[in-house]
Amino acid sequence: MPSPFPGMNPYLEGPNFWPEVHHLLISLLLESLVPQLRPKYRVALEKRVYESAGNDSLLVGIPDVIVQRRQPTSPGESNVAVAAPPTQKPLPVQVPMRMEYREAYLEVREMATGEVVTAIEVLSPANKRQGKGREMYEEKRSRILASRTHLVEIDLLRGGEPMPVLGNDVEAHYRILVSRGDRRPYADLYLFNLPETIPTLPLPLRSGDTEPMIDLNQLLNHLYDRAGYDFVIDYQTEPIPALAESESAWVDARLKEQGVRE
C-alpha cells in the first residue's frame with residue numbers, strides 16, 4: 001500500500017522511524033543519481049562523526065533530559081535538593097553517556113579532478129537542535145557557502161530550528177534550499193506544507209551540463225514501500241512531533257479517506 005499522504009509522511013519524522021528513513025533516502029538518492037551523472041561525475045557517500053553526552057538534547061530516539069541546578073537562596077544553603085523518598089524502592093534514572101554519531105551525506109565529485117561540485121544534505125534532528133550536531137553542521141555549511149561548491153539542503157522535519165536564510169520570513173513545515181556557488185548570495189528556497197507534494201528540484205552541476213531532476217516524492221514513495229512502513233506505522237496514533245489542531249484535523253480526515261484510520 002502506498003503512503004496515504006501526497007508528499008511528506010509526518011509519521012516518518014518520529015524517532016522510531018527517522019534514523020532509518022534518513023539512511024534509506026540517502027541511499028536512494030545515490031542510486032538514482034549515479035546513472036544520470038556518470039561518466040563525468042561520481043556520487044560519493046560521506047559521513048560526519050562526532051561524540052555527544054546523553055544530556056545534550058539531541059539524541060534521536062531517546063527522550064530529552066534536562067538537568068537543572070538549583071541556586072542557593074542563602075550562603076549556607078546546599079545546592080543539593082533533599083526530598084524524602086516515597087518508598088524504599090530504587091527510582092529509575094539515566095546516567096550521561098558519551099555516544100558516537102554518524103551522519104551521512106552525499107558529494108557529487110568531478111571524476112577527472114575529484115573536486116566536490118555539489119554537496120547534498122538531508123537534515124537530521126541533531127542538525128536542528130542546539131548542541132554539537134548543529135554546531136558541526138553549521139560550520140560545514142558556512143564553509144560550503146563561502147566556496148564555489150553548490151549546496152542542496154533538504155529539510156523534511158517539522159521539529160527544531162530551520163537553517164538560517166536571509167530575505168524570507170514565510171513559515172512552512174518543510175523546506176529545500178538550492179544554493180548555487182556561482183549565484184551566491186542568491187539561492188532558491190522551496191517551501192511546502194504537509195498537504196502538498198514535494199517540489200521537484202534540479203541538481204546543480206558545472207555550467208553547461210545537463211542537470212538531473214530530483215523527485216523526492218517518488219523516492220519517498222519507493223522508500224515507504226521498500227521498508228514496508230504500511231505494515232508497521234500505527235495510524236491510529238498521532239505523529240511525532242505533534243501537529244497543530246487544524247493540521248491534526250486534516251491528517252485525521254486524510255487517513256480516514258485513505259482507509260487507514262477508523
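## What counts as a pocket or cavity

On a 1 Å grid over the protein atoms alone, a pocket is an open set of points with protein on both sides within 12 Å along at least five of seven lines, while a cavity is a set where a 1.4 Å probe fits but cannot get out. Lining residues have an atom within 4 Å of a point. Points join across faces, edges and corners, and a volume is the space filled by probe spheres set on them.

This is a predicted model, with local features needing pLDDT of at least 70 and side-chain atom pairs pLDDT 80 or more, though totals for chains, interfaces and linings use all residues. Numbering runs from 1 along each chain as its sequence is written, and side-chain values use heavy atoms, leaving out hydrogens and water.

## The second largest pocket

This one holds about 340 Å³. Of its 13 lining residues, Val165, Leu166, Leu177, Pro185 and Ala187 sit nearest the centre. α3 (132-145), β5 and β6 (188-192) each give two or more residues to that lining; helices (H or I, at least four residues) and strands (E, at least two) are DSSP runs numbered from the N terminus.

By class, the lining has eight nonpolar, two polar and three charged residues. Nonpolar here means Ala, Val, Leu, Ile, Met, Phe, Trp, Tyr, Cys and Pro, charged means Asp, Glu, Lys and Arg, and the others, Gly among them, are polar.

## The cavities

There are two cavities of 30 Å³ or more. The largest has a volume of about 60 Å³, and β5 supplies the largest share of its lining, three residues. That lining has six nonpolar, no polar and four charged residues, with Arg141, Glu153, Asp155 and Arg175 among them.
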